[in-house]
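Visitor: Could you walk me through the helices here and how they pack? I'd like the cut-offs behind each term as we go.

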Amino acid sequence: MSRAINAEAVYGTVLTAGVISAFSLYNEGILALILRTSGTVLVFWIAHVYAEIVGNRDSGWRLAVREALQRSAGLLWALIVPLVTLATAAVLRTTENTAVDMALWACVGTLALLGWWAARQRHARLPGKILTAAGTATLGLALITLKAFVH
């Protein structure tokens, strides 16, 4: 699990939040939003895995594939929290706008946790953990701000 908590998890969370924000402009419903977001992030994941394999000239094909899949797993893990949030919002019959807001705030929380975890792995003291968590969470806050300007 800790291998999936990496740069790709941060990138995947920001990507997922951006995709949710962008697709929310179409107002096609929460299910469509879940499907479009999943599909888009899946394509990015495939492209990322492929690029990692092609770029890894130091290993044989099997090792390159295994390493690429391990490194890129964070992109897929990043989908879980926002998609579960959207699905929960759908079950609760919230509006699509509320569901999107919930998912984006879930991404902010995820980013904060990823930052905290990264600082913890580096044995940072409490101020370092807080600053790192705030720094990664700011990426999600930037997307929420952009969404507010677009809507």
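Visitor: Which residues of H5 are buried?

Guide: Helices here are DSSP runs (H or I, at least four residues), numbered from the N terminus. Buried means under 20% relative accessible area, with exposed over 50% and partly exposed in between (1.4 Å probe, protein chains only). This is a predicted model, where local features need pLDDT of at least 70, side-chain atom pairs count only at pLDDT 80 or more, and totals for chains, interfaces and linings use all residues. On that basis, the buried residues of H5 are Lys129, Ala133, Thr136, Ala137, Gly140, Leu143, Ile144 and Lys147.

Visitor: Which helices do the buried residues of H5 pack against?

Guide: Contact means heavy atoms within 4.5 Å. Residues are numbered from 1 along each chain as its sequence is written, and side-chain values use heavy atoms, with hydrogens and water left out. The partners of those buried H5 residues are helix H1 (7-23) and helix H4 (96-121).

Visitor: How far apart are the end C-alpha atoms of H5?

Guide: The expected span of a helix is 1.5 Å times one less than its number of residues. H5 has 25 residues (126-150), so it should span 36 Å. The end C-alpha atoms agree with that, being separated by 36 Å.

Visitor: Where is the kink in H5 centred?

Guide: A bend at a residue is the angle between axes fitted to the seven residues ending there and the seven starting there. For H5 this gives a kink of about 25°, centred on Thr138.

Visitor: Are H1 and H5 roughly parallel or roughly antiparallel to each other?

Guide: Axes are lines fitted to C-alpha atoms, for helices over the stretch in contact, and angles run from 0 to 180 degrees between N-to-C directions. Angles under 35 degrees count as roughly parallel, over 145 as roughly antiparallel, 65 to 115 as roughly perpendicular and the rest as oblique. The axes of H1 and H5 cross at roughly 10° and come within 10 Å. H1 and H5 are therefore roughly parallel.

Visitor: Which residues of H5 does H1 meet?

Guide: On the H1 side, the residues involved are Val10, Val14, Ala17, Gly18 and Ser21. Of these, Ala17 and Ser21 are among the buried residues of H1. Across from them in H5 are Leu139, Leu143 and Lys147.

Visitor: How are H3 and H4 oriented to each other, roughly parallel or roughly antiparallel?

Guide: Helix H3 (residues 61-91) packs on H4 with the axes 8 Å apart, at an angle of about 150°. The contact involves Val81, Pro82, Thr85, Leu86 and Ala89 of H3, together with Ala99, Val100, Met102, Ala103, Ala106, Cys107 and Thr110 of H4. That angle is why the pair counts as roughly antiparallel.

Visitor: Which residues does Thr85 touch?

Guide: Thr85 lies in helix H3. With 15% relative accessibility, Thr85 counts as buried. Leaving out residues up to four places away in sequence, Thr85 touches Met102, Ala103 and Ala106.

Visitor: At which residue does H3 bend?

Guide: The 31 residues of H3 should span 45 Å, and the end C-alpha atoms, 44 Å apart, agree with this. Along the helix there is a bend of about 35°. The residue in question is among the buried ones of H3, and the bend is at Ser72.

Visitor: What separates the C-alpha atoms of Asn97 and Asn27?

Guide: Asn97 sits in helix H4 and is partly exposed, with a relative accessible area of 43%. Asn97 and Asn27 are 70 residues apart along the chain. Their C-alpha atoms are separated by 8.4 Å.

Conventions
Helices (H or I, at least four residues) and strands (E, at least two) are DSSP runs, numbered from the N terminus.
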